[in-house]
Amino acid sequence: MRTLIAALAVALLSTSPAFAEDHSAHAMHGMAASAKSTALSEGTVKKLDKAKNRVTIAHGPIANLDMGAMTMTFVVAKPASLDKVKVGDKVRFQAEEGKDDLMINRLEVVK
Ligand SMILES: [Cu+2]
């Protein structure tokens, strides 16, 4: 009985490399990831620091960063985008990992 189980385990292990090289599964992964990273998150502007190019936002969940709702400060990729918003504005934004901090690539006011 013990040898039968061992043989089964070997058989299972030897099939797994083939499964890992399933290219269609990889393609699906790529699609899901890119759809996620372009998703916009929502929040409210709490503070603007144009000198340091930062904005503090009380944000909802950010799916692409696996982040829950919280208030935090982001660096803004395009300084001019801070001219369009003011404290209290509801915004939609796209954030991703920057060099040191999380970076906002896209920021728009919700009307
Ligand atoms: Cu956060």
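Modeller: Start with burial. A residue is buried if 20 or more other C-beta atoms lie within 10 Å of its own, exposed if 12 or fewer, and partly exposed in between; C-beta atoms are placed from the backbone. A nonpolar core is a set of buried Ala, Val, Leu, Ile, Met, Phe, Trp, Tyr and Cys residues joined through C-beta atoms within 7 Å. This is a predicted model: local features need pLDDT of at least 70, side-chain atom pairs count only at pLDDT 80 or more, and totals for chains, interfaces and linings use all residues. Residues are numbered from 1 along each chain as its sequence is written.

Colleague: Which residues make up the largest nonpolar core?

Modeller: Eleven residues, namely Val45, Val55, Ile57, Ile62, Phe74, Val76, Val91, Phe93, Ala95, Ile104 and Leu107. Two or more each come from β2 (54-59), β3 (70-76), β4 (90-97) and β5 (102-109). β4 gives the largest share, three residues.

Colleague: How are the elements named, and in what order do they run from the N terminus?

Modeller: Helices (H or I, at least four residues) and strands (E, at least two) are DSSP runs, numbered from the N terminus. Here the order is α-α-β-β-β-β-β.

Colleague: Which residues of β2 are on its covered face?

Modeller: Val55, Ile57 and His59. Arg54, Thr56 and Ala58 are on the uncovered face.

Colleague: How many bridges join β2 to β3?

Modeller: Strands pair if DSSP finds at least two bridges between them. β2 and β3 have six and run antiparallel. Thr56 stands opposite Thr73 in β3. β1 (residues 41-49) also pairs with β2, antiparallel, over six bridges. There, Thr44 stands opposite Ala58.
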